[in-house]
Amino acid sequence: MSDNRKPDIYVLWTGGWDSTFRMVQIQKEPGDKPVVVQPIYISENGRKSENIEIERMQKMLPMLREIGPNDFLDLKIIKRSEIPENEQISEAYDRLNKLVRLGSQYDWIARLAVQYPGIEVGIEMPTKQYGGCSTALSKYGQLEFRDNSYYVDKDNSTEDVNLVLGNLSFPIKMITEDRMVELIHEWNCDDLMTNIWFCHTPIDGKPCGYCRPCQQKMEANMEWLIPESGQKRYRFFKRAAKIVTTKYSYKVTGWFCK
């Protein structure tokens, strides 16, 4: 890899579904000329699966390089503690977080984006409940489309949104998860995507099937991302939960009828 080349695109990569989809999309929907892509991972992020995420991304990089014309540089790992402090951004984050409950990572990401303006984040179009970032953008900001991505429209967004989200790029903001699944199938990249990581409580290094992220994948008809052992645990967990709920409902109803 030509690591001495200046990147054209910086992608905040976690090894999860959304950011990995974006990495695939860059290869499968290339522009007029090849570009240099620098994936960035923030370590010391508090997730117990950090080592697994890094391992999976290192495994996927060669696969990504093979499926398209663009040049993917080696994964750049930046420690959270090494991201420069920025009091103005952190104070804006605190104010915005009280309104929409942003994840704590947006403070780090906003400060990192000062060094890498336009860094891409994998925020999809929500189809059900909005996450903190999408809620902040819908309530207190607006997006504009330029240079093949979505950016905060700083003239029509609050100052706090501009400070926290204004240096980010949202290339998949108008794509739903359902559409992403369709595209991955069309691009024949199912095998690559089985290497993503999302599970909170892995068993033998594989998705457990019953933590909330695993449940969400099963309920979104994405069971192909979970091994058969995890799928069995999911079905057992759902049956057990249904039995408990039914018994509890019966007891409460019976108590009221006495």
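Biologist: What should I know about the numbering and the model before we start?
Modeller: Residues are numbered from 1 along each chain as its sequence is written, and side-chain values use heavy atoms, with hydrogens and water left out. The model is predicted, and local features need pLDDT of at least 70, side-chain atom pairs count only at pLDDT 80 or more, and totals for chains, interfaces and linings use all residues.

Biologist: Happy with that. How many helices and strands does the protein chain have?
Modeller: Helices (H or I, at least four residues) and strands (E, at least two) are DSSP runs, numbered from the N terminus. Counted that way, the protein chain has ten helices and eight strands.

Biologist: And what percentage of the residues of the protein chain count as buried?
Modeller: Buried means under 20% relative accessible area, exposed over 50%, and partly exposed in between, with a 1.4 Å probe and protein chains only. The C-alpha atoms fill a box of roughly 70 × 40 × 35 Å along the principal axes. Of the 258 residues in the chain, the buried share is 47%.

Biologist: Let's turn to helix 1. How many of its twelve residues are buried?
Modeller: Trp17, Asp18, Ser19, Thr20 and Phe21 are among the buried residues of helix 1. Arg22, Met23, Val24, Gln25, Ile26 and Gln27 are buried as well. Helix 1 is mostly covered, and its buried count is eleven of twelve.

Biologist: How do helix 1 and helix 2 lie: roughly parallel or roughly antiparallel?
Modeller: Axes are lines fitted to C-alpha atoms, for helices over the stretch in contact, and angles run from 0 to 180 degrees between N-to-C directions. The axes of helix 1 (residues 17-28) and helix 2 (residues 50-66) come within 9 Å and cross at roughly 25°. Angles under 35 degrees count as roughly parallel, over 145 as roughly antiparallel, 65 to 115 as roughly perpendicular and the rest as oblique. Helix 1 is therefore, relative to helix 2, roughly parallel.

Biologist: Which residues in helix 2 does helix 1 meet?
Modeller: Contact means heavy atoms within 4.5 Å. From helix 1, the residues taking part are Thr20, Met23, Val24 and Gln27. Their partners in helix 2 are Met60, Leu64 and Arg65.

Biologist: What is the crossing of helix 1 and helix 7, left-handed or right-handed?
Modeller: The two axes come within 11 Å and cross at roughly 45°, so helix 1 and helix 7 are oblique to each other. A crossing is left-handed if the near helix is turned anticlockwise from the far one by less than a right angle, and right-handed if clockwise. For helix 1 and helix 7, the crossing is left-handed.

Biologist: How many nonpolar residues does the contact of helix 1 with helix 7 have?
Modeller: Trp17, Asp18, Phe21 and Val24 in helix 1 meet Glu177, Met180, Val181, Leu183 and Ile184 in helix 7. Ala, Val, Leu, Ile, Met, Phe, Trp, Tyr, Cys and Pro count as nonpolar, Asp, Glu, Lys and Arg as charged, and the others, Gly among them, as polar. By class there are no polar and two charged residues, and the nonpolar ones number seven.

Biologist: Now for Asp94. Is Asp94 exposed or partly exposed?
Modeller: Asp94 sits in helix 3. Because its relative accessibility is 41%, Asp94 counts as partly exposed.

Biologist: Last topic: where is Asp147, and what phi does it have?
Modeller: Most residues other than glycine have a negative phi. Asp147 lies in the loop between strand 6 (143-146) and strand 7 (149-152), and at 63% relative accessibility it counts as exposed. Although Asp147 is not a glycine, its phi is positive, at about 50°.

Biologist: What phi does Asn148 have?
Modeller: Asn148 lies in the loop between strand 6 and strand 7. At 66% relative accessibility, Asn148 counts as exposed. Asn148 is not a glycine, yet its phi is positive, at about 65°.
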